[in-house]
Amino acid sequence: MTAPVKFNQPIVTHMYTADPSAHVFEGKIYIYPSHDLDHERASNDNGDQYDMEDYHVLSMDDAASAAVDHGEALHVRDVPWAKQQMWAPDAACKNGTYYLFFPARDHDGIFRIGVATSSSPAGPFAAQPSYLPGSFSIDPAVLVDDDDRAYMYFGGLWGGQLEKWQGGTFDPDAEGPAPNEPALGPRVAELSEDMLSFKDAPREIAILDEDGQPILAGDEDRRYFEGPWVHRYNGLYYLSYSTGTTHKIVYAVGEHPMGPYTFKGTILTPVIGWTTHHSIVQFRDKWYLFYHDSSLSGGADNKRSVKFAELRYNDDGTIVAIDPYPEK
Ligand code: FUB
């Protein structure tokens, strides 16, 4: 029997897990992480060390229960369009069907976003034969809004290839904006009723500073890097994301799911390991931040572990920053 989970500790230790997307389905907390493999890979800026092949779904009956591993939910061998690198996934439920959204490199080495379906939140999931038409880059996160409209947020710099799509098609030589130019924003697209395609071409989300000016590419403490997540709190939309090179989870707030969003502050200070990636979920009357770090593997970038902590809001709706190592 696995031990009950504790805040700021790996929720499972029998395998490495990362990039947790947490949701409440059927009265439990379900976590959709990447599955980091216990193999040696040299780290580079292209992210070749994140060479994952499958997904396992985890669940917790409540915030004090052991996390259950439901086994392999989808493997790259069962995804016709995908070649390698099953990176950060997310899940959604609509009309009784569960959807697993995931990025992977296609047979040309280009990251695309696919979808697989199941009648159970734990899977197994059956992949659609092709990726979502018009999808690119990494880190899908899906918000099903109160009006039942669903939005996918995605995009990541460097190995995530977002820079390569600035002209609307894949340009392997494209570089990101100069430091004094507006940063690239995450992309958003509304999903079709059946959740299998985009209604319209993805748009770029504007993230603005307190004066209404775009956050610049050189502002690495605040600019978007990867790992978007959107949740609703008190009628507002909170877009949170990783700043990549400065290793923070930060957030911006807006009035519409497609933005614009105004930068607010830090949610999670840097963790052990290069990447930081998170999700935010309400379960019963509390809010939780799911995140990962590389402490269990002694700091290996590609061997991470999912953890969680309680997330609190101030009276003005701002989020209290979380220290991932409160006991130090
Ligand atoms: O896990 C592979 C990649 O690392 C994810 O897609 C990024 O968000 C980062 O966590």
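In which loop is Pro260 found? I looked this up before anything else in this predicted model, and I located Pro260 in the loop between β17 (249-254) and β18 (261-268). The peptide bond that leads from Gly259 into Pro260 is cis, and I noted its omega as near 5 degrees.

**Backbone, continued.** I then turned to Pro124, which I found in the loop between β8 (111-118) and β9 (126-127). The bond from Gly123 to Pro124 is cis as well, with an omega near 5 degrees. I also wrote down Gln161, which is not a glycine and yet has a positive phi of about 70 degrees; this residue lies in the loop between β11 (150-154) and β12 (187-190). I keep these entries because most residues other than glycine have a negative phi and most peptide bonds are trans.

**Overall fold.** When I went through the secondary structure, I counted 21 strands and 0 helices in the protein. Along the principal axes, the C-alpha atoms fill a box of roughly 55 × 50 × 45 Å. I next compared the radius of gyration with the value for a compact globule: for 328 residues that value would be near 20 Å, and the protein has 18 Å, so the two agree.

**Ligand site.** Where does the ligand sit? I found the ligand in the second largest pocket. Around the ligand I listed Asp19, Tyr50, Met52, Trp87, Ala88, Ile138, Asp139, Glu226, Thr275, His277, His292 and Arg304. Sorted by class, this shell has 5 nonpolar, 3 polar and 4 charged residues.

I looked up distances from ligand oxygen atoms to side-chain N or O atoms, and for Asp19 I noted a separation of 2.5 Å. For the side chain of Asp139, the distance from an oxygen atom of the ligand to an N or O atom is 2.5 Å. At Arg304, I recorded 2.8 Å between an oxygen atom of the ligand and an N or O atom of the side chain.

Terms used: Residues are numbered from 1 along each chain as its sequence is written. This is a predicted model: local features need pLDDT of at least 70, side-chain atom pairs count only at pLDDT 80 or more; totals for chains, interfaces and linings use all residues. Side-chain values use heavy atoms; hydrogens and water are left out. A residue is near a molecule or strand if one of its heavy atoms lies within 4 Å of it. A polar contact is a pair of N or O atoms within 3.5 Å; within protein, one must be able to donate a hydrogen and the other to accept it, and residues adjacent in sequence count only if both atoms are side-chain atoms. On a 1 Å grid over the protein atoms alone, a cavity is a set of points where a 1.4 Å probe fits but cannot get out, and a pocket is an open set with protein on both sides within 12 Å along at least five of seven lines; lining residues have an atom within 4 Å of a point. A molecule sits in a cavity or pocket if more than half of its atoms lie within 2 Å of its grid points. Ala, Val, Leu, Ile, Met, Phe, Trp, Tyr, Cys and Pro count as nonpolar, Asp, Glu, Lys and Arg as charged, and the others, Gly among them, as polar. Helices (H or I, at least four residues) and strands (E, at least two) are DSSP runs, numbered from the N terminus. The radius of gyration is taken over C-alpha atoms; the globule rule is 2.2 Å times the number of residues to the power 0.38.
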